[in-house]
Amino acid sequence: MSGQKFHILIVEDEPGVRNSLQMLISSLDHKVSLATNGQEGLQELEADPSINLLITDITMPKMNGHELIRAIRSHHDARIRTLAIIAMSGRSFEEAVALAAGANTFLEKPFGPTAFEDAITKLLPQKSPTAA
């Protein structure tokens, strides 16, 4: 496939998980940006209007995933406020809190590449922003 389809921001403090997700998303021909905590993620969203989807861990330093999701859903910029969000955690009890905060979906770690790709596909628009 020529050209990247969508721009996805991964907010994850664990380097191994961050790198694995980056490889999976890149293999789907999407552009990837990375942040290591919620503060960096929010700054990246505010600076880059091309981001189509946010994937965030819950347990992180500085600003956790729940705080990031709430900051996004109450943001003054409608583009950021309405962004699709996938929350993820190794603790299943985080799901209800993440969804209540405004995440569109939740993935419990560890998850396989098929579940990850399905979650992304369901949340991204059907047409690529780079399509003619």
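Here are some questions and answers about the predicted model above.

Reader: Where is confidence lowest, and where is it highest?
Author: Helices (H or I, at least four residues) and strands (E, at least two) are DSSP runs, numbered from the N terminus. Confidence is lowest in α6, with a mean of 92, and highest, at 98, in β3.

Reader: In what order do the five strands form the sheet?
Author: Strands of a sheet pair through backbone hydrogen bonds, either parallel or antiparallel. Two strands count as paired if DSSP finds at least two bridges between them. Here the sheet is open and the pairing is parallel, with the order β2-β1-β3-β4-β5.

Reader: Which are the edge strands?
Author: An edge strand of this sheet pairs on one side only. From one strand to the next, the twist averages 20 degrees. The two edge strands are β2 (31–35) and β5.

Reader: Which residue of β2 is the bridge partner of Val11?
Author: β1 and β2 run parallel and are joined by five bridges. One of the bridge pairs puts Ile8 with Val32. For Val11, the partner in β2 is Ala35.

Reader: Which strands does α1 touch?
Author: Contact here means heavy atoms within 4.5 Å. Axes are lines fitted to C-alpha atoms, for helices over the stretch in contact, and angles run from 0 to 180 degrees between N-to-C directions. The direction of α1 makes about 165 degrees with that of β2, and α1 packs on the sheet by touching β1, β2, β3 and β4 (84–89).

Reader: How many residues of β1 are buried?
Author: Buried means under 20% relative accessible area, exposed over 50%, and partly exposed in between (1.4 Å probe, protein chains only). In a regular strand the side chains alternate between the two faces of the sheet. In β1, His7, Leu9 and Val11 point one way, while Ile8 and Ile10 point the other way. The strand is largely enclosed by the rest of the structure, because the buried residues number five of the five.

Reader: What is the relative accessible area of Thr56?
Author: Thr56 sits in strand β3. Leaving aside neighbours within four places in sequence, its contacts include Val11, Leu68, Ile86 and Met88. Thr56 is buried, and its relative accessible area is 0%.

Reader: Which residues are linked in a network of salt bridges?
Author: A salt bridge is a side-chain nitrogen of Lys or Arg within 4 Å of a carboxyl oxygen of Asp or Glu. Lys109 pairs with Glu12, their closest N and O atoms being 2.9 Å apart, and these two residues are 97 residues apart. Asp57 also pairs with Lys109, at 3.0 Å between the closest N and O atoms, so this pair ties together parts that are 52 residues apart in sequence. The network is made up of Glu12, Asp57 and Lys109.

Reader: Which residue meets Glu94 in a salt bridge?
Author: Glu94 counts as buried, at 7% relative accessibility. Its partner lies 2.8 Å away, N to O, and is Arg91.

Reader: Which two residues make up the stacked aromatic pair?
Author: Rings of Phe, Tyr and Trp (its six-membered ring) pair if their centres lie within 6.5 Å; planes under 30 degrees apart count as stacked, over 60 as edge-to-face and the rest as tilted. The count comes to one aromatic pair. With centres 5.5 Å apart and planes at 15 degrees, the stacked rings belong to Phe111 and Phe116.

Technical notes:
Residues numbered from 1 in each chain as written. Predicted model: local features only at pLDDT ≥ 70, side-chain atom pairs only at ≥ 80, totals over all residues. Heavy atoms only, no water. pLDDT = per-residue confidence, 0-100.
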